[in-house]
Amino acid sequence: MRQSAKLKAAQDILDMLLFGEMSSKKIVSWGRNNRFAGSKDRRHIRDIVYHCLRNKSYFSYPWRDDNTPISGRKLILSYWFKELTTVLPIANEDFFGTQSFDFPHISDSEKRVLMEKSVPRQDLKESNIKYSYPLFLDKEIKISLEDNFDKVMNLFLSRAQVFIRANKIKISTIDLINSLKNEGFDIRCVCNETEIIRVLNPLNRIKLSPLYSDGFFEFQDLGSQKVTSMLPVNEGMSILDFCAGAGGKSLALASSYKNNLNLNAYDHEKSRLKSFKFRSKRASAKIKFLNDFSFVLNELNLLFSPAIKSYLAKKYG
């Protein structure tokens, strides 16, 4: 796809998100309904959309005096002006076109807005616009992050780092690292953590690795991996993952203890367990999926759940 067509597609998706449901399903749906876009094109379009959403307040700022709602076109124009060009051209066929699938040419009034109303990020005094977060969070975020505020908030402006962990039921961490390096991936162990792996050049290719499709590793963010490693678990324990969802922490425990645990999983919304069941089979993890958790309560050594309080309040409150 031409660059102008990718920008037009990103604009259309952003409009669906801004004026409808804010859901990643919209991006997936667009890809399914527009098969002319190849997998690389779809990934590029998705990256543009997410980048605009991460920077929504900042990209909206030049249009602050416009009385119409922020739109996909306005966000894409700001993205183009801030990220894709340093000198505003009168016309550039790489980014604009006249076909129905092209991103329409920029108007004179739009040029004036971008050139006169845009402000370098570092010159903005309003932190919530500079870092694109809701104003009502301003005080709490600054109190919480203190001197790390700018450092942490800058991280939210770009794509998150990719972390994985070896499924030690099937492979050791060191063997996984060597295998992925042989596939061309730049791999690092996180400082002071020998089991947490960071992928430096994922480029969306790592999901295509046969090691992933065969269950030799799982994606899991840094915080979840650290939390799982801190759980007071010993071999042979009986454990219930309550409100299990996709089951990342249970799969991590099954991996760490090589299935030498009595792992049980429950979720009030049974549909949430669909991906968990698929992932556990792929990983060869031994996990019991429960329709009723009450009969195992007396046998448990550990119950963990981030959502148990809200569930109990909903059911018994």
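Is Lys74 buried or exposed, and what is its relative accessibility? At 9% relative accessibility, Lys74 counts as buried, where buried means under 20% relative accessible area, exposed over 50%, and partly exposed in between (1.4 Å probe, protein chains only).

## Basis of the model

This is a predicted model, in which local features need pLDDT of at least 70 and side-chain atom pairs count only at pLDDT 80 or more, while totals for chains, interfaces and linings use all residues. Residues are numbered from 1 along each chain as its sequence is written, and side-chain values use heavy atoms, with hydrogens and water left out.

## Salt bridges

The structure contains 15 salt bridges, each defined as a side-chain nitrogen of Lys or Arg within 4 Å of a carboxyl oxygen of Asp or Glu. One of them pairs Lys74 with Asp66, with 3.3 Å between the closest N and O atoms. Asp66 is partly exposed, at 33% relative accessibility.

## A pair within helix H8

Lys142 and Asp138 form a salt bridge at 3.4 Å, N to O. Both residues belong to helix H8 (residues 138–145) and are four residues apart, about one turn of the helix; helices (H or I, at least four residues) and strands (E, at least two) are DSSP runs, numbered from the N terminus. Lys142 is partly exposed at 35%, whereas Asp138 is buried at 18%.

## A link between distant parts

Arg282 and Glu218 form a salt bridge whose closest N and O atoms are 3.1 Å apart. This pair connects distant parts of the chain, 64 residues apart: Arg282 lies in helix H14 (residues 274–283) and Glu218 in strand E4 (residues 217–219). Arg282 is buried at 13%, and Glu218 is buried at 3%.
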